[in-house]
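Subject: Structure handover

Hello,

Here is the structure I promised to pass on. Please open it before reading my notes below.

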Amino acid sequence: MTVIPYLALSALLFTIGTIGVIVKKNVIAVFLCIELMLNGANLSFVAFSRFLGHAGGQVTVFFVMVVAAAEAAVGLAVTIALYRNRKTLNIDDADIMKW
């Protein structure tokens, strides 16, 4: 099997995530779309790593997953702060984080 189906799926995941980030108004939905974009990039890294026979892509995926976990933790903290201050999770209401 070639690398083309994996890259097509990776591009589809990344595109869906990008469209979701642009269209969605909910903070949690935007974070989920960002995670979808990261998973699309990870799939392409793993596909090329497997296709080329090098482990560098898999190591890169490990680091991307660590960064994604940190991003999720910080994003959740910001989301909780936004909800406590504004009583909404709408992105349009999150333009200023003044108390």
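The notes start with the whole chain and end with one residue.

This is a predicted model: local features need pLDDT of at least 70, side-chain atom pairs count only at pLDDT 80 or more, and totals for chains, interfaces and linings use all residues. Residues are numbered from 1 along each chain as its sequence is written, and side-chain values use heavy atoms, with hydrogens and water left out.

Overall fold. The protein chain has three helices and zero strands (DSSP runs: H or I of at least four residues for helices, E of at least two for strands). Its radius of gyration is 17 Å, well over the 13 Å that the globule rule gives for 99 residues, so the chain is more spread out than a compact globule. That radius is taken over C-alpha atoms, and the rule is 2.2 Å times the number of residues to the power 0.38. The C-alpha trace spans about 55 × 25 × 15 Å along its principal axes.

Of the 99 residues, 21% count as buried (under 20% relative accessible area, 1.4 Å probe, protein chains only). Take contacts (heavy atoms within 4.5 Å) with a separation of 6 or more: 48% of them join residues 24 or more positions apart.

S10 counts as buried because its relative accessibility is 6%. Leaving aside neighbours within four places in sequence, S10 contacts G40, A41, L43 and S44. A polar atom of the S10 side chain lies 2.4 Å from the backbone oxygen of G40.

Best wishes

Notes
Buried means under 20% relative accessible area, exposed over 50%, partly exposed in between (1.4 Å probe, protein chains only). A polar contact is a pair of N or O atoms within 3.5 Å; within protein, one must be able to donate a hydrogen and the other to accept it, and residues adjacent in sequence count only if both atoms are side-chain atoms.
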